[in-house]
Each structure stands twice: as structure tokens, then as C-alpha cells.
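This report describes selected strands, helices and surface features of the structure shown below.

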Amino acid sequence: MTGVGVIAPPSLDGMRLGFVLAEDRLGHYGEFRDFFVRTFDLDRIGLSRPGFLRAPSGVTYALVFIGRSGDAFPSGVEIHAVVPALEPLEEAAVDRDLWAILRWIVGGVGGAWTVEALEATGQLFRIPAAVEGLA
Amino acid sequence: MPAITLPDVIRQQWLFAPRFARVNGWEMHYVDEGAGDPVVLLHGNPTWGFLYRDFVAPLTEAGHRVIIPDMIGFGLSEKPMREHYHSLDGHIANLTALLRGLELHRITLVCHDWGGPTGLGFAFSNPGRVRALVLMSTWGWPLPPAEFHIRMFPWRMMHAPLLGPYLLGRHNALARRGVYLSVVDRARFAARAMAAYESVLPDPASRLLTWVWPRWIPMNDAARALDRFAWLERELRACTLPALLVWGREDDVFDPAIFATRFKHLLPQAEGPHLVTGRHFLQEDSGPEIAARIVDFLRRVP
């Protein structure tokens, strides 16, 4: 149970997109790109709108997909927290949400990519959210 | 370019005058000490010139000029903010710009990690400038990759899409824990050196190359740099330069039984491999011993 799920596009009135993470080379391992294409129906939707996720903290995150000439779409992705326009991000909560989103992505990619291997990697490098998961 | 403040414990060990050169559109930091035939010391991911702090005095006292560049993207050099800036060819061109700009000849190249492919790329495209090679925990051919680089845990997981920017970017995992895990004397490293590698990568954007370099390691026939690595291997096979191989006995990234042995096969004239105490970052555990070996080797090189 990751507590992460795809949601319909929310109203962005009074909100802003707070940049938190970017990937320039989503196709480095093609199965990651395939996961996003499959999950967000990107072959049909293309660049028309971001994908949206609800994270464990309750914050919504927008996934803004990037196209690059010569590369399969999407070539990259930015993750933005959807937050009240004038309010600061809560850094520790964002970090825990990102870890949960990464667990969700790895679980969705599947095959040789396992949440267990991700957890072990996070613990090896003492990533706070991964270490908290042990408690 | 934001100024980087080195912690006191690091500055006390790194007393060399900072120098900067404009190379290939970027500001490259380097150290230039001593006089004589030049020895150019090349680091890899995610380190910088500090890795060679114990080499400067023995080499200069033995009559060598010591040049230690920080790769663009690391150390005190400028750090591009887009993944697409970085390529193996681009980094070879950066090094070429520096060494030609300094008008260096009779160069001994000391190559570690990504300093191997970049240094060898310079050597084989500027053969009239190079006198000798010293190779440590590196490689110079397309395939197969190291067993370490095939494993899902931790290697592939730590630089995968989005995971790399999170683990190595937001959390500086390679400079913070990765180097620590790849030395033998971890307590000494933590007390004396770890801050050097963490402090020069102060924010996620500055750490870009720590997850980009792993993506340039050829894993199969579709790899981006496959042709360049194939060229390196052909050139190695034809290379007659004097060479010295030094490897960490405990190296679990580039296993000496495989990688040092393959270099010895390609460069049968090479001395060694000499095994010293060390994992991948062998300079941290055996810097003075390796420096002494290089001094001794160069005494015998015409």
C-alpha cells in the first residue's frame, strides 16, 4: 500500500505548481517511460495536460511531461506540488511524498524493478523516508 | 558560479592555489604545482582534485609539474545544469582544451574512474603530447560492464529515471554515502575527507553529473558511447606508451581480477598490476604509497 493514486485534473484556481523534481532522460530505462505512457494514456493525451497524483500527505502532485525532438515521448518529466499559491512547501513532507511516489512508480514499472530493491537502496544511503519506513 | 566554502578540515589539507581556465565554454578549476615534465591527475565520479591531495608533494619533490583538473560538473569547476550538456566526447574535449591551453607535452596521465575514458580519449587523440599512462580502477572498452554495474541493488536503482535525481540529487547519496562505502578505512575517511566531496556539491542541481555519468556506462550494444569505447579499446591495443597499473585489492566496482587483468592484456608492456589497500577510491586509503609507485615508475620512463 503506497497511498499514491492517479486522480482527475483538479482545479488550479488559487494554486501554484511548486517544482520539486525533474528527470531529463525518462527513457534511460525504457520501462519507466512505458509505465508513464500506460498509466496516463500519453499516446492519446500527449502534451495536452499534466497527469495528477494524490500523495500520502494529501497533497496533489502534477506530472508535467516533456517532449524532445528525436526522442520517444515523453523524454522527461517534472514533478510539481500543487499548493496554495502563496504558501511555502513543507520540505520534509514533500520528501516523504516523493519517496512514496517513487515506490509507486517502481512498483508499477515491475519486472526486475522491485520496491524491495528500492527500499534496500534507500536504506543503504540512509534516505530519511526510507529509514523512517523501517521504524 | 556560486562560491563554495570548503570546511576547515578540508582547507587545512588543500593549500594549493586555485587556478581557473575557460575550457569549451565553461570555467574549469585546476591545480598547477611544481616544475618539470607534467603529471596530470584525473578523477572521476563524484570526486575532485582533493582525491589526489597526497600526491602533490611527492611528485613535485621528485621534479614533476602536477596538474589536477576538476572535471566540469565536479569539484570547484563550473557545474552545468542540464543533463544534455554532458557526454564522454564533451568531457574529452574539455580536458583537451585545458592541456592544449597549458601547452603541455611529455604528459603522464594518471586516470581513475571516469578519468580513464576521458584521459585515454585525450591521450589517443593527442599522441604527441603523452609520455606515459597510470591506470587505476577504471576501464577503456565497451562491453561487458562490471558485475557491479549490472546489479539492480544498488547501482541501477540509484541512477534510474527520477530515482537518480531524488537519491543522488536531493540526498547527495553518492558523495555522502557512496564514497564512504567504497573506501577501506571508513572512520578515517569520515573524519578527514568526506566533507570535501559533500561540500562541493551543495545543492541538488550541482549534483547532476553524479547520476548522469552512470548513464554513460555502456550496458549493451545500444549504448550511446559504444563507438567511442570501441575506439578506445582499439587504441589501447595499439598503444606502446609506458604504463603502470595500480588497483585496490578490495575494489568491488572494477574487480582487479577482471579489469586490471584486461588492461594488462591490452597493454602487455604495463608494469603491474600493483595491488594496494583500497576499494574503488583507492587514493583515500593508499595515496602516499601510490604516489611513491608513480615517482618510482617515472624514474624509469624515458
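Strand β3 (residues 51-54) of chain A runs antiparallel to β4(A), and four bridges join the two. Strands, and helices likewise, are DSSP runs numbered from the N terminus (strands: E, at least two residues; helices: H or I, at least four); two strands pair if DSSP finds at least two bridges between them. Opposite A:Gly51 stands A:Leu63 of β4(A). The hairpin formed by β3(A) and β4(A) has five residues between the strands, and A:Gly58 in the turn has a positive phi of about 95°.

Strand β4 (residues 60-66) of chain A also pairs with strand β5 (residues 76-84) of chain A, in the antiparallel sense and over seven bridges. Here A:Ile66 stands opposite A:Gly76 in β5(A). Five of the seven residues of β4(A) are buried, where buried means under 20% relative accessible area, exposed over 50%, and partly exposed in between (1.4 Å probe, protein chains only).

## Basis of the model

The model is predicted: local features need pLDDT of at least 70, side-chain atom pairs count only at pLDDT 80 or more, and totals for chains, interfaces and linings use all residues. Residues are numbered from 1 along each chain as its sequence is written, chains are lettered from A and ligands numbered from 1 in the order in which they are written, and side-chain values use heavy atoms, leaving out hydrogens and water.

## Helix α4 of chain A

In helix α4 (residues 115-124) of chain A, the buried residues are A:Val115, A:Ala117, A:Leu118, A:Glu119, A:Thr121 and A:Gly122. Their cover includes α3 (91-109) and α5 (128-132) of chain A, together with α6 (152-159) and α7 (163-170) of chain B. After α4(A) comes A:Arg126, which has a positive phi near 55°.

## The sheet of chain B

Chain B has an open sheet of eight strands with mixed pairing, in the order β1-β2-β4-β3-β5-β6-β7-β8. Its edge strands, each pairing on one side only, are β1 (19-23) and β8 (271-276) of chain B. From one strand to the next the twist averages 25°; axes are lines fitted to C-alpha atoms, for helices over the stretch in contact, and angles run from 0 to 180 degrees between N-to-C directions.

β1(B) pairs with strand β2 (residues 26-33) of chain B in the antiparallel sense over five bridges. The bridge partner of B:Arg22 in β2(B) is B:Glu27.

Note on methods. Contact means heavy atoms within 4.5 Å.
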